Amino acid sequence: MNKIAVLLTVYNRIQLTIKCLDHFYKAAEKTPNIEYDIYLTDDNSSDDTDSKISKLYPKIRLIKGSGKLFWCRGMILAWEYALNQDIDYDGYLWLNNDSFIYENSLNSFLKWSKEKNDQSIISGAFQSDITGKPTYGGRLNGQVMNLAPNGTLQSIDWLNGNFVLIPKYVYNKIGILDPIFHHAIGDYDYGMRAKQNGIGLYLSKEYIGTCEDRNKLQGCYDKNNNLFKRFRIFYSPLGDDPFQRFVFLRR
């Protein structure tokens with residue numbers, strides 16, 4: 001796998017985005033024979049993300065969002081843009097702008113994909129820079145905590161979209177993320193659809209970077225909020241929309 005499309009979607013948090021991209025570029029320098037294009041959806045940020053990215057990284061393909069895309073639909077926009085370039089990519093790499101990979105991680109990731117004949121999905125395991133504990137990557141059914149890497153490619157049931165490699169083989173079988181999902185759930189759904197189609201889902205052999213745990217109680221379930229506010233959040237893109245949840249659970 002030599003040519004990949006790197007996909008990001010961002011809203012504000014420009015300093016995190018710069019840090020994330022700097023880490024990726026350093027890792028790419030340590031990865032022989034790789035070619036890549038970066039597609040970044042800026043979902044109408046208010047912190048001049050577009051102009052700053054254009055100035056610092058002029059080769060990045062910058063796509064302007066409406067401000068209403070959030071994670072899943074922003075990633076879809078970047079992915080569709082990459083597909084429309086008439087470039088034969090070997091794979092597609094999801095990257096979150098709050099995830100900072102180590103210098104050897106990208107090279108290792110591509111080797112692990114080769115071990116699975118570039119026909120499986122590999123999700124990167126992240127740890128807290130503060131505690132060293134696992135924060136994102138993947139877990140098994142019935143478990144709340146994410147798995148820690150153990151030196152092997154562990155099979156997982158749920159994946160987080162922080163750093164995920166989708167080989168062309170996988171894309172050809174199941175396509176892209178589903179726009180039914182606005183913000184969350186899209187990464188879970190993609191991984192589970194892959195498994196339903198006989199595609200392996202694995203956690204990286206080792207930690208590939210740092211990302212702090214940003215999971216917190218959703219506002220719709222926070223009893224400190226009044227009932228009106230909880231219902232408003234419940235039906236928002238950052239809430240727990242019942243239709244999207246129903247589609248996911250039914251699948």
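**Figure 1. R13 lies in the loop that links strand β1 to helix α1.** The model shown here and in the other views is predicted. R13 is not a glycine, yet its phi is positive, at about 55°. Most residues other than glycine have a negative phi. R13 counts as partly exposed because its relative accessibility is 38%, between the limits of 20% for buried and 50% for exposed. Beyond the other end of the helix, N33 is found in the loop between α1 and β2. N33 also has a positive phi, of about 60°, although it is not a glycine. With a relative accessible area of 65%, N33 is exposed.

**Figure 2. Strands β1 and β2 and helix α1 form a right-handed β-α-β unit.** Strand β1 comprises residues 3-10 and runs parallel to β2, to which it is joined by eight bridges. Within this pairing, V6 has I38 of β2 as its bridge partner. Helix α1 covers residues 14-29. Its 16 residues should span 22 Å at 1.5 Å a residue, and the C-alpha atoms at its ends are 23 Å apart, so the two values agree.

Figure 3. D42 is placed opposite K64 of β3. Between β2 and β3 the chain passes through helix α2 (residues 49-56) in a β-α-β crossover that is right-handed.

**Figure 4. Helix α1 carries a set of buried residues that several elements cover.** The buried residues are I14, T17, I18, C20, L21, F24, Y25, A27 and A28. In an α-helix, residues three or four places apart point the same way, because there are 3.6 residues a turn. The elements that cover the buried residues of α1 include the strands β1, β2, β4 (91-95) and β5 (100-101), together with the helices α2 and α4 (105-115).

**Figure 5. L21 is a buried residue of helix α1.** Its relative accessible area is 0%, and L21 is therefore classed as buried. Apart from neighbours within four places in sequence, the residues in contact with L21 are L8, I38, L40, I53, Y57 and I60. One of these, I38, is the bridge partner of V6 in β2. L21 and I101 are separated by 80 residues in sequence, while their C-alpha atoms are 9.4 Å apart in space.

**Figure 6. C20 and C211 are shown as cysteines that take part in no disulfide.** The count of disulfides in the model is zero. For C20, the nearest cysteine sulfur belongs to C211 and is 9.4 Å away. Conversely, the nearest cysteine sulfur to that of C211 is the one of C20, at 9.4 Å. C20 counts as buried because its relative accessibility is 1%. C211 likewise counts as buried, at 1% relative accessibility.

**Figure 7. N96 occupies the loop between strands β4 and β5.** With 16% relative accessibility, N96 counts as buried, since the cut-off is under 20%. Its side chain and that of W71 are joined by a polar contact of 3.1 Å. Leaving aside neighbours within four places in sequence, N96 is in contact with C20, W71, G161 and N162.

**Figure 8. Strand β11 is largely enclosed by the rest of the structure.** Five of the five residues in this strand (residues 163-167) are buried, which is why the strand is described as enclosed. F163, L165 and P167 point one way from β11, whereas V164 and I166 point the other way, and all are buried. Strand β4 is antiparallel to β11 and is joined to it by five bridges. In that pairing, W94 has V164 of β11 as its bridge partner. Strand β6 (residues 121-127) is also antiparallel to β11, with two bridges between them. There, the bridge partner of S123 in β11 is V164.

Terms used
Residues numbered from 1 in each chain as written. Predicted model: local features only at pLDDT ≥ 70, side-chain atom pairs only at ≥ 80, totals over all residues. Heavy atoms only, no water. Pairing = 2+ DSSP bridges. Helix = DSSP H or I, 4+ residues; strand = E, 2+ residues; numbered from the N terminus. Right-handed = clockwise from strand over helix to strand, strands pointing away. Expected span 1.5 Å × (residues − 1). Buried < 20%, exposed > 50% of the residue type's maximum accessible area, 1.4 Å probe, protein only. Contact = heavy atoms within 4.5 Å. Polar contact = N/O pair within 3.5 Å; in protein donor to acceptor, adjacent residues only side chain to side chain. Disulfide = S-S within 2.5 Å.
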